[in-house]
Amino acid sequence: MTNDANKWFWVWLSGLGLFILAASTGVLMRFGIIMGFPYGLQYTNVRHAHSHLMYFGWVTPALMGLILTWLPRVTERPLSPQHQKQFRIVLIIIFILSVAAYSAFMLYGYRPASVGDLSLPISTILASFNMLAWYGFIFVYWRATKGLERKRPLSLRLWDAGLAFMVLASLGAWGVAVTVIFNMRDPVLSAALTHLFLDTFSEGWFVLTLLGLAYAVTPQAATHPWASKSENLLIMGMPVVFLLTVPVTSLPPFVRLIASIGGLMVGIGLWGNIVILWRASSSAWRFPLVFLALKATTGLIITIPTLAIWAERSLLRVSYLHWLLLGFVSGGLIVVAEITWEKTRVPARRWFNITVVILILTLIPLTPLWPPALSGMWPRQAAAVATLGPVIVMIIMFAKGLIASRQP
Ligand code: HEM
């Protein structure tokens with residue numbers, strides 16, 4: 001890669017640093033369940049802090065940094081120094097705010113904190129500022145890609161769509177903020193808004209943008225006849241797909257039907273992309289694509305309400321989230337980073353894959369699917385020990401990346 005690409009390597013390294021912090025928070029959760037939490041920390045707050053930092057401090061800036069690295073090649077025009085500077089400022093703000101909101105979530109969760117005489121929902125406020133910074137990114141991106149309307153390749157269209165879903169997801173987050181500030185307690189509304197945010201953010205912004213990066217590094221795949229059909233299905237189904245994870249019994253049947261139709265479109269669209277990329281891309285993509293296939297198939301299964309109720313009772317949510325977010329999204333980010341900056345700067349991908357598979361397997365005995373006769377304390381202990389693997393690998397990846405980036 002060129003010097004231009006190396007300009008954004010700091011974003012990758014900073015994101016990795018925050019992955020390590022967020023994953024260590026996951027370690028704290030698993031060991032905390034067995035041994036208790038230090039300093040009066042509470043499980044729910046720690047969980048919010050973990051997911052918040054993973055979303056806002058790891059995946060979001062890592063995707064943005066990789067978009068910026070590949071943008072000049074995809075659009076065939078360099079980023080102007082002015083746009084580079086603006087992107088740099090936005091990314092620095094995103095990093096600072098994500099760590100600040102993480103600390104606030106750890107200490108207070110969504111509870112208001114006392115600041116002088118005032119009682120302020122500080123974590124919600126910091127997270128809201130973070131979203132304003134995303135809008136800043138979108139604004140500069142729009143300016144940097146203006147005028148390409150007739151010639152927007154697949155990668156760019158997927159990034160456009162990913163950013164549009166980021167805005168849609170943020171409307172859910174604003175909604176959650178309003179319900180917190182005005183103390184509104186409608187459980188269905190709260191669940192719908194939370195899912196609009198979490199699911200549209202992960203399935204829309206994360207998945208579409210990462211697929212865009214996959215096509216940027218594998219341009220020959222974009223010419224496949226299924227590529228734009230799969231893209232259309234994904235974009236059409238995505239706005240309602242969040243309703244699939246809202247508890248089935250709390251939705252009117254008609255709304256649930258719309259959710260199922262949307263889920264069907266997204267599931268087929270994802271499978272289209274999996275087949276195209278499996279054939280055209282390097283073997284490094286096999287690992288994230290297997291997890292995307294698992295996620296796409298589960299998404300198709302839960303379009304059937306009876307099976308969705310079964311999935312809710314099986315407590316598969318945490319597994320499902322980590323197949324998508326750790327297996328596909330984080331695994332896929334590492335593949336793109338390795339292709340972009342080479343193995344000297346992004347080493348240990350295989351070790352990451354191995355430790356993630358172990359972590360994900362240890363989640364199964366924690367669910368009711370595991371025979372009670374084989375349970376006991378050991379599943380919790382195994383799940384706790386398994387969280388250490390990816391953290392150690394990422395510390396090594398971070399340290400080697402840092403050393404390699406200092407060498408001329
Ligand atoms: C080594 C990596 C990771 C570890 C050790 C880890 C650990 C955990 C743990 C222990 C929980 C709580 C599960 C429960 O309550 O039963 C959790 C939940 C969660 N994690 Fe992770 N995780 C990791 C990676 C990720 C990544 C990469 C993401 C997103 C990009 C993510 C997003 C989430 C979300 C959204 C939840 C659910 C939060 C909630 O229900 O409030 N995790 N994780």
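**View 1. Met-184 sits in the loop between helix 6 (154–181) and helix 7 (187–217).** Helices here are DSSP runs of H or I with at least four residues, strands are runs of E with at least two, and both are numbered from the N terminus. This is a predicted model in which local features need pLDDT of at least 70 and side-chain atom pairs count only at pLDDT 80 or more, while totals for chains, interfaces and linings use all residues. Residues are numbered from 1 along each chain as its sequence is written, and side-chain values use heavy atoms, with hydrogens and water left out. Met-184 has 39% relative accessibility, so it counts as partly exposed (buried is under 20% relative accessible area, exposed over 50%, partly exposed in between; 1.4 Å probe, protein chains only).

**View 2. A nonpolar patch on the surface brings together Val-178, Ile-181, Phe-182, Met-184 and Leu-189.** Together they have about 470 Å² of accessible area, computed by the Shrake-Rupley method with a 1.4 Å probe, where for residues only the protein chains shown count as cover. Patch members have over 30% relative accessible area and no salt bridge; nonpolar side chains (Val, Leu, Ile, Met, Phe, Trp, Tyr) are joined within 5 Å, and like charges within 9 Å.

**View 3. His-50 and His-322 are the protein donors of the iron atom of the ligand.** Their NE2 atoms lie 2.1 Å from the iron atom (donors are N, O and S atoms within 2.8 Å of the metal, or 3.2 Å for Na, K and Ca; water is not among the atoms, so sites may look incomplete). The pair links distant parts of the chain, 272 residues apart: His-50 is in helix 3 (residues 43–75) and His-322 in helix 12 (residues 317–345). The site is octahedral, with angles of 87 to 179° among its six donor atoms (for six donors, opposite ones are over 155 degrees apart and all others between 65 and 115). His-50 is buried at 14% relative accessible area, whereas His-322 is partly exposed at 23%.

**View 4. Lys-295 and Glu-203 form a salt bridge, with their closest N and O atoms 3.0 Å apart.** The term means a side-chain nitrogen of Lys or Arg within 4 Å of a carboxyl oxygen of Asp or Glu, and by this rule there are four salt bridges. Lys-295 is buried at 3% relative accessibility, and Glu-203 is buried at 8%.

**View 5. Arg-349 meets Glu-338 in a salt bridge (2.9 Å, N to O).** Arg-349 lies in helix 13 (residues 349–361) and Glu-338 in helix 12, so the pair ties together parts eleven residues apart in sequence. Both Arg-349 and Glu-338 are buried.

Methods
Four donors count as tetrahedral if all angles lie between 85 and 135 degrees; four count as square planar and six as octahedral if opposite donors are over 155 degrees apart and all others between 65 and 115; anything else is irregular.
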